[in-house]
Amino acid sequence: MTSSVRHICGISGGKDSSALALYLRDRVPEMEYFFCDTGAELPETYEFLTRLEVILGKPIVRLNSERGFDHWFEVFRGALPSPQMRWCTKVMKIKPIEAWIGDKPAISYVAIRADEANRKGYISTKPNIESRFPFVEDGVDHEGVMKILDDAGIGLPAYYDWRTRSGCYFCFYQRKAEWIGLADRHPELFERAVAIEQKVLLDAGVDGNADFGDRAMAGRQYTWSGGETLVQLRDRRTEILDRHADALARAKTARRNIPLIEVLADAFDDDDSAEQCTVCAL
Amino acid sequence: MTTLADVLSVRRQFARSASLERDAENVEPLDGYVVTARALDVVERVTAAALGPAGGAWSITGPYGSGKSSLGLLLDAAFGPPGVARERALAKLADAAPAAKDDVLRALSRHQSRSAGIFRALVTADREPVARTVLRGLHRAVVRRYGRVPGSAEFAASSLLKLAQRRASRAKDPVDPSVSELVEIAHCIASQSPLLIVIDEFGKNLEAAGDDESSDTYLLQRLAEAGQGTGLPIFVVTLQHLSFEEYLANADDRRRRDWAKVQGRFVDVAFTESAAQTRALIAEALQVDDDRLRGRIDAWAVTHAESLAAAGVSDLSEPDKIAACWPLHPIAALVLPELCNRFGQHERTLFSFLAGSESGTVASLAADIALNGEGELPSIGPEAVYDYFMDTGGAGVSTVGRSGRWTEIAGRLRDAHGLPGEESRVIKSVALLNLVATSGATRASASVLRLVDPASKETLAGLEHRGLLTYRAFADEYRVWHGTDVNVTELTAAAHDRIADQPLHQVLGAVYAVEPIVAARHSAQNDVVRLFRCRFVHGDEMIDPLAALDAADGELLLVTSTEGRFPTLSDEAIRSGTHQRSAPHRLWRLRSKPVVAAMPDEVADLDRAAREVAALNDVLSAPQVENDWVARREVGERLALARSQLEAAMSSTYSTANCSWTLLDQSAGIPLQPGRGSAPLSEAADLAYPDAPRVPNEMLNRSELTSQGAKARRLLLEAMIECGSEFRLDLKGYGPEMAMYEAALRYSGVHRPRRAGGEFVFGRPRARKDRVSSEASEQIEHVRLTHVWGAIESAFDAAKSSRLNIRDLYVMLASPPYGVKAGVIPVIVTAALLARADRIAIYEHGTFQLGLSPELSERMVRNPGHFEVKHFANVSGSRKAAVDALAAGFGIDPGVGNSRVGNVLSVTRHIAARTRRLENWTRCTSHLSDRALAVRDALTEATEPDVLLFESLPAALGHTPIAATAVRARDGVSTLRSGGGGGPYSAFADDLSLSLDELTGRCRELVLELCAELLSAAGERARVAVSGPAVGLIDEVLDPQMRSFVLALSNDVYEDDHDWMASIATVLAGKAPSEWTDRDLAAVRARLPQRLAAFNRLRALHAERRAADGLPFEALRVAVTDPSGAEEARLVGVAHEERSAVESAVDDLLAKIAEAVGSPQRAHNAVMAILAERLLAPSGAAHAETDPLSAKIADGVR
Ligand code: SF4
């Protein structure tokens, strides 16, 4: 370590941050890559991370791997995160990141693209951290990102087939169509999310499942997705998929010649919220 | 004319407020002083403490003017040196209670202080830190004794006191003394002679404490404890107007909690006089000088007494008491105490009414009232009282207590001013009675008013007729304010009927919330707060006791039946009888937290009061009442009254002396002594929790931790797990986690060095070997953790064949006889787990864990039920031989931590740690040796360490299982292979090592194999020979797949061949090798040679171009699928240089063909088809080989 300034680059498991990592591989040789592991990422994300790690030829430090979602779910005894009480991002991402960075000066590279310069990523408020936006500075846009990924031979994380962001499998910022995607691709994770919604942790506890139903906010029915339980949501499968298809078509006609990923990202069903996890999805 | 003033002298005590500092040396302020019952009570408490073994602390809370400062002076004089002041004080005490004087003298003698008195630090607080106030007091106490601060020969803390005094009083940057300095000074004083600290106006200290940060709380706590704990005669009395909490209303939560703790150290004494006591004061103040009047006064009193008795007023019905208050009319005497308390400053207001010189007071009225030689005696009636309080707003009459009723009454009477004498007299009497009382006998009833005016009936009728008064027949009460049409009495009666069948305990349960009660004495002695939750039950009930992990330590059942039957405990609560303890008392027959029942002698009052409250509650919600504000107010008032009666009935019904107390067990119960206050609960707690540890840390030793406490405990647990071998767990500073450490682990002897100067370990409470000083042993004895520790160890020992759930352990520790508080349990359990780390396996959600980690501990604290432990004793015989061989083979250091040579767990943990992070590929591949595959299966299926080590792994490796036998290695011999030097099991150990190496290394090896394949296919030996040339090709490959392959080859940022190859392999498979399946591997094996062949051709092509003209070219991948679906791909290129020539030729060609076939588009297609056929058809392959400008690619699996 010659310089006392650390160079850090957060990987979310999504395409932009991965492309940035590859882009900076030769430019900033002393780069430290990190990934905040909630223990609840999609299998596709974990697979993609190893892929990226091998190609980078450098380890991606897994932050928080000791205390994943299941840990906090047990420690908070079934209190669930929600957009109003977003402890998930705080305890599993922001705090571990800040602890890992410490108080030394550091430069953080943020994967905001040139074509979305007004988007916000996780930009630390700690005074010792300086943020840089290489894609914005160098004019790398969506196409540029795809080229970087193609050249590296790494491709896209497999979840892009059905979901637009990385993050927890039960993320409450998911769209309804994405929940259906989860139910189709990873029925076991969907079941886990259904159980968690009822404050039950599957395969925990000494004999079977741990039920926190009588603990946190007992009696209050929590739902991951606005207005309905996951079971109800799954029962509306066809309806949701139809609406989603409509939305896709609408988005496609609104903007021409755009890649499918972008179409997916633009296609909101009416009952979806457009918010998302800025730390988690970049 | 003779006036009342001529025969009456009004004493003036309380005429001015006393000041402790100013008046202490004077005898005079005690002159007119009357020792009231309250004052006597305090003096008796202090005296009793001084006669007892230790000191004491009291906080006296009483309103302005109730004579608290005078009490301070009385204490000061009584315990002072002999002289006039002491004589006076003792005489006053003797007047009030003859024994009191003797007790004070005995107390002085006991401390050899009769000749000089004790040290009295009398001080009035300012808005300043307590430390400053106390220092002033201590300084004064010393100066009063010696005339100055003497030298250190006479007074050991002399220089400390002088220094502190100097620092505190210097003009620039004064510094308050520290807690320890003050405590030291106080100790030094008290070691000579008792020290009495009296702080008047203590509320000002509290206000200051609310403002800022200081260590004040700690100081008072230390002083109070100095008196209570270890026997130094230090007595602290604080005098304040409001309770601690009220002063601190604006302080933050933490400060309020701190002060609540301090208050817990003080005995609270409420300093208010009862009405009867106040009337005794009145009598004392009004002295009739002319004895000839005696007879007339007595006759006057007797008449009134009869009338009062007839009106049902029992409060003031004895003639001598009435006589003593003359010339006050009995009705005036009746209402005055309440009036002064509610609307004035108590005795101060009372005396200003009696003795004040302004107009309207008794003293000034007396001068205008003629006293005839005969006939009825004149008196000063309720109207005078009314005038003084309501109209003139006499001195000391405050506005604070004035309710809406005060304003309304005053308003209505003002409207009705100018009434003739009689009417005015009557209406004012009604108003006054309305003000202080609304029901009970003291109310404005017709019979009471007859006392004021024998002819009141007509007067009242007139007033009622004019709407100035209302008569409420159902209550027999006149009122100067509105009435209502709603018949509250009728509604109430109906409500009573509705609840008549409801059993009392249910009625009470609905209307009265009993706060949990602290077993005070037990709690103070054991450094813990033991809380009993209360509820009402019927004697017939069957009781389920509290759950062991409930926050309360026991339950108090307030029995509402008196048939002599106590509730019974349900069977479930009764211990099976297997649990035996050496201590010879009876409670270990119970498995559950103590349940105490209080059975009152009498419940009639309580029943009445409770039903009244319930009925009125019901009435209050009736629609007609809800809509009628007057009725609502009336019900509200009745309810307030009923509630206060219920309150009174509760405290008398369940006062310790009026109940029989029993600790329930499975038989007749254990009778408890009534004693004072919560004494029976303390006794029950003594019986239930004889083996509770004493952990002197309030933040930790409680049922529910504050968030700050929880954080400190988390840090402590983390330090225990991570720095267990360090001195003080390597904790720095003096944060709360350090305090917790000291209280729970250090003093208890649980964390101490293994040997002198050695590393620290956790273990059975014991002193450090090198210093078995009596002090350390005493401390360990005091903390009393040994029983608890022993219980945990036995529970561990019993968990050999089946697992022990940690929650069950928590339950056992929380239950009798241990009663460990929930805050402490995790700390002790963690210490015990660490002490036995080498033998205790931990399972979470049923799965074996490598050991305690901070995060696992966090989860265990929250959900102990998710965890189990099992005890693996050190093995012997052949198993020991096997374990030793494995440990030797793995190079496990036998000396680590507490573990002795090779035990089952350390070997299992080693294996588990090594195989925990196996790659996904390794987990599912079949490209492993049979042994490695079998070992992998054994590891995946294993749940128990011993089964794994002695059964599954030997079986997987073709060895015989290792039986638990003491016979050394007999059956081990059969598995012994030649050459296994170390012992009978070294072959097993070697085999296992090899398999583990294979499992952990195979994936890497595989990548290296692929690397070798790649290099040989490329005809190169080193990767630079491939990556170097690849760099030159990057810009010439357009095909994306080929391009990323070439880019991967060219990339040489990697440390070694493995990493380089891994990235190439990842590009080829679209997945990292560690994530592969065997199908991915097969696909890579197929693709690699194809891509390499293409790469080789490309390279050749490049080299040739370079050799020819050094010109760059562009390569393009062309793929053709023939009708059978077979695909041919080829890399073709055109040199930059040749491009324009070729292009114009092609243009010509296309133009020609277009003419022939009809359209340019068809021409393109035709040319492409024919070219493709020629170039790519199998027949063309041979041709292509010779063309350096093209390279064939065939992708295996698509
Ligand atoms: S991905 Fe969603 S659930 Fe997960 S941490 Fe982010 S906001 Fe929370």
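User: In this predicted model, at what angle do helix 39 and helix 40 of chain B pack, and how is that arrangement classed?

Analyst: Helix 39 (residues 877–890) of chain B packs against helix 40 (residues 904–915) of chain B with the two axes 9 Å apart, and helix 39 passes helix 40 in a left-handed crossing. The angle between them is about 45°. Angles under 35 degrees would count as roughly parallel and those from 65 to 115 as roughly perpendicular, so helix 39 of chain B is classed, relative to helix 40 of chain B, as oblique.

User: Which residues of helix 39 and helix 40 of chain B meet, and how many residues of each class does the contact have?

Analyst: From helix 39 of chain B come B:Val883, B:Leu886, B:Ala887 and B:Phe890, and these meet B:Val904, B:Val907, B:His910, B:Ile911 and B:Arg914 in helix 40 of chain B. Sorted by class, the residues in this contact of helix 39 with helix 40 of chain B are seven nonpolar, one polar and one charged.

User: What is the strand order of the open four-stranded sheet in chain B, and which strands stand at its edges?

Analyst: The pairing in this open sheet of four strands is antiparallel, and the order is 20-23-21-22 in chain B. Because each edge strand has a single partner strand, one side of each is left without a neighbour in the sheet. The strands in that position are strand 20 (804–805) and strand 22 (847–849) of chain B.

User: Which residue stands opposite B:Ala841, and which helix lies across strand 20, strand 21 and strand 23 of chain B?

Analyst: Strand 21 (residues 840–844) and strand 23 (residues 867–871) of chain B run antiparallel and are joined by five bridges, and in strand 23 the residue opposite B:Ala841 is B:Lys870. The helix lying across strand 20, strand 21 and strand 23 of chain B runs at about 75° to strand 23, and this helix, made of residues 786–798, is helix 35 of chain B.

User: Is B:Glu207 buried, partly exposed or exposed, and which residues does B:Glu207 touch beyond four places away in sequence?

Analyst: B:Glu207 lies in helix 10 (residues 202–211) of chain B, and its relative accessibility of 30% means that B:Glu207 counts as partly exposed. B:Pro129 is 78 residues away in sequence, yet the C-alpha to C-alpha separation from B:Glu207 is 9.3 Å. Leaving out residues up to four places away in sequence, the residues that B:Glu207 touches are B:Arg127 and B:Tyr247.

User: In chain A, what is the order of the five-stranded open sheet, and which strands have a single partner strand?

Analyst: The pairing in this sheet of chain A is parallel, and the strand order is 3-2-1-4-5. One side of each edge strand is left without a neighbour in the sheet, because each has a single partner strand, and these are strand 3 (60–63) and strand 5 (129–132) of chain A. From one strand to the next, the twist averages 30°.

User: How many bridges join strand 4 to strand 5 of chain A, and which helix lies across strand 1, strand 2, strand 3, strand 4 and strand 5 of chain A?

Analyst: Strand 4 (residues 106–109) runs parallel to strand 5 of chain A, and the number of bridges between them is four; A:Ile107 stands opposite A:Glu130 in strand 5. Helix 2 (residues 43–56) of chain A packs on the sheet, touching strand 2 (32–36) and strand 3, and its direction makes about 145° with that of strand 3. The helix lying across strand 1 (6–10), strand 2, strand 3, strand 4 and strand 5 runs at about 150° to strand 2, and this helix, of residues 87–101, is helix 4 of chain A.

How values were computed
Residues numbered from 1 in each chain as written. Chains lettered and ligands numbered in written order. Predicted model: local features only at pLDDT ≥ 70, side-chain atom pairs only at ≥ 80, totals over all residues. Heavy atoms only, no water. Pairing = 2+ DSSP bridges. Helix = DSSP H or I, 4+ residues; strand = E, 2+ residues; numbered from the N terminus. Axes fitted to C-alpha atoms, helices over the stretch in contact; angles between N-to-C directions. Contact = heavy atoms within 4.5 Å. Buried < 20%, exposed > 50% of the residue type's maximum accessible area, 1.4 Å probe, protein only. Parallel < 35°, antiparallel > 145°, perpendicular 65-115°, else oblique. Left-handed = near helix turned anticlockwise from the far one by under 90°. Nonpolar A, V, L, I, M, F, W, Y, C, P; charged D, E, K, R; others polar.
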